[in-house]
Amino acid sequence: MTVITTQTVRPHPGKARLQLNNMKEVVKAFGDMGITSRISRVLFGPNAGCLVFSNFASNFAEAMTYTQKVFSSEMWAKVQMRLDDNPASDIVMPLNIIRVAAGEMKPSHRVMNFRWYLMKKDKVPQVMGMFEEVKTMCEKVDINPVLLVPVTGDTMSSMVIAYGAKSLADSGKAFDEMGMTEEFQTLVQKAAEVGELNSAWMTVPADD
């Protein structure tokens, strides 16, 4: 299992580069503390242009230990002072926790296509069955599917299916060769019977 803490911010006009550089400094500092962090940019969707900062842990105990370690560190105190003195962004989605319910994140597949479904928890068994079908299809086009569920947040009765690709070109190829097929569209129709597609967006790595 992977547990992810994540926050999304929108850079102030003229401060996009400053915000990204600040986040890169935090990624390095977290890395020195043994924490794996990543920055992504929302390329398409409601929050296009925003930056997403994510930390990864192997379980909840590790995630909470990392959080405590960060919040009690001198480094984080300096970050807070910097935020007060020279803010470069606004918070769009506050710090929240999600977990990987099926599949696994791959560092090689970081161009992500997210599909957020609203659904009741009693639909989970059906969703897990459909995920296995999706996974089989994705393997044919080198796409890494991951099923995510919220642990904290405003909309708890939901699930997100994330399709990871190695590049934008690979993602587009998968749209053509898998997403447009009758087999996949039939599965999309089945998904509509257990949940409502609420939102969709795409992100690309921003920390290269």
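In this predicted model, strands E5 and E7 run antiparallel and are joined by 8 bridges. Within this pairing, Leu118 lies opposite Ser158 of E7. E7 also pairs with E6, again in the antiparallel sense, over 5 bridges. Here Pro145 has Tyr163 of E7 as its bridge partner.

How many of the residues of E7 are buried? The count is 8 of 8, so the strand is largely enclosed by the rest of the structure. In a regular strand, side chains alternate between the two faces of the sheet. Both faces of E7 are covered. One side carries Ser158, Val160, Ala162 and Gly164, and the other carries Met159, Ile161, Tyr163 and Ala165, all of them buried.

**Helix H4**

Helix H4 spans residues 124–139, which makes 16 residues. From first C-alpha to last it reaches 22 Å, close to the 22 Å expected at 1.5 Å a residue. The buried residues of H4 are Val127, Met130, Phe131, Val134, Met137 and Cys138. These residues lie on the same side of H4, because they cover an arc of only 120 degrees around the axis. Pro125 and Glu139, on the other side of H4, are exposed.

What do the buried residues of H4 pack against? Their partners include three strands, E4 (89–102), E6 (144–150) and E7 (158–165). Helix H5 (168–179) and helix H6 (182–194) are also packed against by the buried residues of H4. The enclosed strand E7 is thus one of the elements that H4 packs against.

**Aromatic pairs**

A pair of aromatic rings is described by the distance of the centres and the angle of the planes. Searching the whole structure gives 5 aromatic pairs. Two of them are set out below.

| Pair | Centre to centre | Angle between planes | Class |
|---|---|---|---|
| Phe71 and Trp76 | 5.8 Å | 40 degrees | tilted |
| Phe114 and Trp201 | 5.2 Å | 15 degrees | stacked |

Are the two residues buried or exposed? Phe114 counts as buried, at 12% relative accessibility. Trp201 is partly exposed, with a relative accessible area of 23%; the cut-off for buried is under 20%.

Phe71 and Trp76 belong to one aromatic cluster together with Phe30 and Phe53. Phe71 itself has 48% relative accessibility and therefore counts as partly exposed.

**Two residues in detail**

Ser199 is located in strand E8. Its relative accessibility is 16%, so Ser199 counts as buried. Apart from neighbours within four places in sequence, Ser199 is in contact with Pro46, Phe114, Arg115 and Trp116. One of these contacts, Phe114, is also the residue that stacks with Trp201.

Val100 is located in strand E4, one of the strands that the buried residues of H4 pack against. With a relative accessible area of 5%, Val100 is buried. Which residues does Val100 touch, not counting residues up to four places away in sequence? They are Met1, Thr2, Ile4, Met105, Val146, Leu147 and Leu148. Val100 and Ala57 are 43 residues apart in sequence, and their C-alpha atoms are 11 Å apart in space.

**The chain as a whole**

The chain contains 6 helices and 8 strands. Read from the N terminus, its elements follow the order β-α-β-β-α-α-β-β-α-β-β-α-α-β. Of the contacts between residues at least 6 apart in sequence, 80% join residues at least 24 apart.

The chain has 208 residues, of which 41% are buried. Its C-alpha atoms fill a box of roughly 55 × 35 × 25 Å along the principal axes. What radius of gyration would a compact globule of 208 residues have? The value would be near 17 Å, and the chain has 18 Å, which agrees.

Terms used. Residues numbered from 1 in each chain as written. Predicted model: local features only at pLDDT ≥ 70, side-chain atom pairs only at ≥ 80, totals over all residues. Heavy atoms only, no water. Helix = DSSP H or I, 4+ residues; strand = E, 2+ residues; numbered from the N terminus. Expected span 1.5 Å × (residues − 1). Buried < 20%, exposed > 50% of the residue type's maximum accessible area, 1.4 Å probe, protein only. Arc of directions from axis to C-beta. Contact = heavy atoms within 4.5 Å. Phe/Tyr/Trp six-rings, centres within 6.5 Å; stacked < 30°, edge-to-face > 60°. Pairing = 2+ DSSP bridges. Rg over C-alpha atoms; globule rule 2.2 N^0.38 Å.
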